Amino acid sequence: MGDGQAAANSFIWREDRYRDILRTPQKNDLLVKIWREAYGDEYPEEADPFGFVTCSDLNTVCAELKIKPGDTLLDIGCGRGGPGLWVARRTGASLIGIDIVPEAIAHANESKGEVEARFAVGSFINTHLPSISVHAIMSIDAFWMVLDKAAALKEMARVIQPGKRFVMTTWMPPYIALEPMMTAEGFRLVSSRETERWKDRQMAVYKGVLRHRKELEACVDAGSLKVLLAEAQAAKEQLPTSPRFLIVAEKQG
């Protein structure tokens, strides 16, 4: 493995890898253009995502959470809050968003509009929430970065009510035995399926990033661009071994 590939891979397993990107609240027009071109009608414009979630993903998350107006929904690894707010608007849930990046949380609190929502700094391992205090949990493309996944699932099981659902999208290499970990923490795996055309869309984004590298150097801060380029350079090696799944689990009573 060359030095460039080694440097790229060093970013893959950092829980705070998107800190520089999430510190910047404003949209970057060129990055939005790259994502729109890759995703077409599946680009969830209203959710203002940074990541690889689609309109279909969000609709499925809404349906699988099985929540009703007034329920408390936790979005763990919420970033700047867009996908969680998207789901809360459509379900009428009261949203709690938690992320490790304070600047992302500040932006989320400023952009929540009329949605009943609050955002706070925390992590998968320590949400700072009371036990059995939420009716459902969602997470979009964040769980894969958590190093201690068993501890994360233990915390999710602590805060969610029995019989309620945890729905997430994440990349999952085959050497991670997720179902036994979930079972050990009191979750029942309801379903786990690859998201539609996930690799095609993701590779199209990365090709766009590499194609527009020079223009991005002029309009994206160095830290953010370093992360994007590292992902793009590692994608060909990493993606075939780490499919992206939509996972539905239910806390046992």
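Contact, as the word is used throughout this report, means heavy atoms within 4.5 Å. On that basis Phe124 touches Ile76, Gly77, Ser139, Ala142, Phe143, Val146, Ala152, Glu155, Met156 and Phe166, when residues up to four places away in sequence are not counted.

The structure is a predicted model, in which local features need pLDDT of at least 70 and side-chain atom pairs count only at pLDDT 80 or more, while totals for chains, interfaces and linings use all residues. Residues are numbered from 1 along each chain as its sequence is written, and side-chain values use heavy atoms, with hydrogens and water left out.

## Overall make-up

The chain has 11 helices and seven strands, these being DSSP runs numbered from the N terminus (helices are H or I with at least four residues, strands are E with at least two). Buried residues make up 55% of the 253 residues in the chain, where buried means under 20% relative accessible area, exposed means over 50%, and partly exposed lies in between, for a 1.4 Å probe and protein chains only. The chain exposes about 11,200 Å², of which carbon and sulfur atoms supply 52%; accessible areas come from the Shrake-Rupley method with a 1.4 Å probe, and for residues only the protein chains shown count as cover.

## Nonpolar cores

A nonpolar core is a set of buried Ala, Val, Leu, Ile, Met, Phe, Trp, Tyr and Cys residues joined through side-chain atoms within 4.5 Å. The largest such core holds 51 residues, of which Leu74, Phe124 and Ile137 touch the most other members. Helix H3 (residues 29-39) gives the most to this core, with seven residues. Apart from it lies another core, of 26 residues, including Leu85, Trp86, Val115 and Val167.

## Helices H4 and H5

Helix H5 (residues 82-91) is mostly covered, since eight of its 10 residues are buried, namely Gly82, Pro83, Gly84, Leu85, Trp86, Val87, Ala88 and Thr91. These buried residues pack against helix H4 (55-65), strand E1 (72-76), strand E2 (94-99), helix H6 (102-111), strand E3 (117-121) and strand E4 (134-140). In H4, the buried residues are Asp57, Leu58, Val61, Cys62, Glu64 and Leu65, and they pack against E1, H5, E4, strand E5 (160-171), E6 and strand E7 (244-251).

Arg90 is placed in helix H5 and counts as partly exposed because its relative accessibility is 44%. With residues up to four places away in sequence set aside, Arg90 touches Glu46 and Cys62; the C-alpha atoms of Arg90 and Cys62 are separated by 7.7 Å, although the two residues are 28 apart along the chain. Asn109, which has its place in helix H6, is in contact with Arg118 and Phe119 once its neighbours within four places in sequence are left aside.

## Positive phi values

Most residues other than glycine have a negative phi.

| Residue | Phi |
|---|---|
| Lys66, following H4 | near 55° |
| Gly92, following H5 | near 80° |
| Asp141 | about 55° |
| Arg197 | near 50° |

Asp141 lies in the loop between E4 and helix H7 (149-159), and its relative accessibility is 8%, so Asp141 counts as buried. Arg197, by contrast, is partly exposed because its relative accessible area is 47%, and its place is in the loop between strand E6 (187-194) and H9.

## The second largest cavity

A search of the whole structure finds two cavities of 30 Å³ or more. A cavity here is a set of points, on a 1 Å grid over the protein atoms alone, where a 1.4 Å probe fits but cannot get out, and lining residues have an atom within 4 Å of a point. Grid points are joined across faces, edges and corners, and a volume is the space filled by probe spheres set on the points.

The second largest cavity contains about 50 Å³ of space, and its lining consists of Tyr39, Phe52, Thr54, Asp57, Thr195, Glu196, Trp198, Arg201, Gln202 and Arg244. Helix H9 (residues 198-211) gives the most to this lining, with three residues. By class, the lining has three nonpolar, three polar and four charged residues, where Ala, Val, Leu, Ile, Met, Phe, Trp, Tyr, Cys and Pro count as nonpolar, Asp, Glu, Lys and Arg as charged, and the others, Gly among them, as polar.

Note on methods
1 Å grid on protein atoms, 1.4 Å probe; cavity = no way out; pocket = protein on both sides within 12 Å on 5 of 7 lines; lining within 4 Å.
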